[in-house]
Amino acid sequence: PPAWDRAGRPLPSPLQPPGIPLAPCRSFSNNKIQVELDESSGIAMMKFKSPPVNSLSLEFLTEFSIGLEKLENNRACRGVIITSALPKIFSSGLDITEMCGKSVEHYAEFWRAVQEMWLRLYGSNMVTVAAVNGSSPAGGCLVALSCDYRIMAENPKFSIGLNEAQLGIVAPFWFKDTFVSTVGHRIAERSLQLGSLHPAPEAHRLGLVDELVPEEKLMEKAAAVMAQWLALPDHARQLTKTMMRKAVLDRLVAHREEDIKNFITFVSKESIQKSLRMYMEMLKKKK
C-alpha cells in the first residue's frame with residue numbers, strides 16, 4: 001500500500017518509474033468531506049474539512065454516510081483511513097445548533113442521520129482506521145470508537161472521550177455500548193459518569209486508542225496498520241467483525257424509533273435547551 005505524505009496524499013511508489021501516473025486515484029469531494037480512493041491499493045482516505053471544528057451537522061452526517069456507502073459499494077475499496085484536514089481537531093462532535101431551538105421534525109431528522117452514520121461505520125465491511133490528529137470529544141470520539149483501529153497523535157493537548165455528562169446531556173445506549181466494547185465496563189462507567197476527556201497518553205493507557213505516534217508519523221503508521229489488516233482474507237475478517245459487533249448493532253436497529261423518540265423528548269425539555277444555550281454562549285466567549 002502507498003505511504004502518505006503529511007497532507008495525506010499517497011507518495012509515489014518506489015517501484016513506480018517517475019513520470020508514469022499511479023493507478024487511478026478517484027476522488028469525490030463534497031463540501032465537508034474529501035474522499036480519495038487509490039484503486040491500486042484499495043485504500044481510501046476520508047478527510048473531514050468542515051471548519052472551524054468538523055462539527056457533525058445534519059449536512060456533514062449525510063455526506064459522511066453517502067461517502068461510506070459509495071466506498072462500500074466500490075469493489076476496488078477494501079479499507080478507509082479517516083482523519084481531519086483541520087489542525088488540532090479531529091471532530092468536536094454533534095453540532096449543538098442542530099439541537100437548539102428547532103422543530104420536533106428537525107430533531108427527528110438529525111437524530112436519524114446520527115444513527116445512520118454510526119450503523120454504517122460500526123457495521124462497515126471495510127477495514128476502518130481512525131488517524132486521530134486532534135481533539136475528539138463526544139460524537140468525534142464515537143466516530144473514532146466505531147473504527148477497527150485508532151491511532152492518535154502523541155500530543156497531551158489533544159484529548160478524546162464521551163464528555164456528554166459535562167453538558168448536562170446523556171450519551172445514548174449505543175454510544176455507551178461502543179465505549180464499553182472498547183475499554184470495558186468499569187473504565188466506561190467512570191468515564192461516562194464524569195464526562196471525562198482523556199489526554200492522548202491517558203487515552204492510550206485506558207485502551208481508548210490503540211497507539212500513539214508523533215504527529216508527523218500518523219499517516220505513515222495508518223498506512224502500515226491498514227496493510228497489516230488487509231493482509232488477511234477479507235471474508236474471514238468481515239465475518240469475524242460481524243460476529244463481534246452484531247449484538248451491539250442489532251440493539252439499535254431493534255430500538256431505532258424508540259431511540260429517536262427518547263432523543264426528541266430529552267432535547268425538547270426546557271432545562272436541556274437552557275444548558276445547551278449556555279454551552280453555546282460559553283463557546284462564543286471562548287472565540
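**Close-up views of a predicted model**

**View 1. Lining of the largest pocket.** The largest pocket has a lining of 48 residues, and those nearest its centre are Ser92, Gly93, Leu94, Ile96 and Tyr279. The coordinates shown here and in the views below belong to a predicted model. The space within the largest pocket amounts to about 1400 Å³. Several elements each supply at least two residues of the lining, namely β7 (134-137), α4 (173-183), α9 (256-268) and α10 (270-286). By residue class, the lining of the largest pocket comprises 25 nonpolar, 14 polar and 9 charged residues.

**View 2. Aspartate 148 and its salt bridge with lysine 241.** Of the salt bridges in the structure, which number 16, this view shows the one in which the side chains of aspartate 148 and lysine 241 meet, at 3.0 Å from N to O. The pair links distant parts of the chain, 93 residues apart: aspartate 148 lies in the loop between α3 (139-145) and β8 (149-153), and lysine 241 lies in helix α8 (residues 234-254). Both aspartate 148 and lysine 241 are buried.

**View 3. Aspartate 148 and its salt bridge with arginine 245.** Aspartate 148 also forms a salt bridge with arginine 245, in which the closest N and O atoms are 3.7 Å apart. This pair, too, links distant parts of the chain, with the loop between α3 and β8 providing aspartate 148 and helix α8 providing arginine 245, 97 residues apart. Aspartate 148 has a relative accessible area of 12% and is therefore classed as buried, the limit for that class being under 20%. Arginine 245 is likewise buried, with a relative accessible area of 12%. Elsewhere, salt bridges with shared partners join Glu69, Glu116, Arg120 and Arg256 into one network.

View 4. The side chains of arginine 120 and glutamate 116 meet in a salt bridge with an N to O distance of 3.5 Å. Helix α2 (residues 104-122) contains both arginine 120 and glutamate 116, which are 4 residues apart, or about one turn of the helix. Arginine 120 is partly exposed, its relative accessible area being 26%. Glutamate 116 is also partly exposed, at a relative accessible area of 28%.

View 5. Serine 27 is placed in strand β1 (residues 25-27). With a relative accessible area of 48%, serine 27 is partly exposed. When neighbours within four places in sequence are left aside, serine 27 is in contact with Val35 and Glu36. Valine 80 is 53 residues from serine 27 in sequence, and the two are 13 Å apart in space, C-alpha to C-alpha.

**View 6. Surroundings of glutamate 215 in a loop.** Glutamate 215 is found in the loop between β11 (211-213) and α7 (218-230). The relative accessible area of glutamate 215 is 41%, so this residue is partly exposed. Apart from its neighbours within four places in sequence, glutamate 215 is in contact with Ala153, Asn155 and Phe158. Although glutamate 215 and alanine 131 are 84 residues apart along the chain, 9.8 Å separates their C-alpha atoms.

Terms used: Residues numbered from 1 in each chain as written. Predicted model: local features only at pLDDT ≥ 70, side-chain atom pairs only at ≥ 80, totals over all residues. Heavy atoms only, no water. Salt bridge = Lys/Arg side-chain N within 4 Å of Asp/Glu carboxyl O. Buried < 20%, exposed > 50% of the residue type's maximum accessible area, 1.4 Å probe, protein only. Contact = heavy atoms within 4.5 Å. 1 Å grid on protein atoms, 1.4 Å probe; cavity = no way out; pocket = protein on both sides within 12 Å on 5 of 7 lines; lining within 4 Å. Points joined across faces, edges and corners; volume = space filled by probe spheres on them. Nonpolar A, V, L, I, M, F, W, Y, C, P; charged D, E, K, R; others polar.
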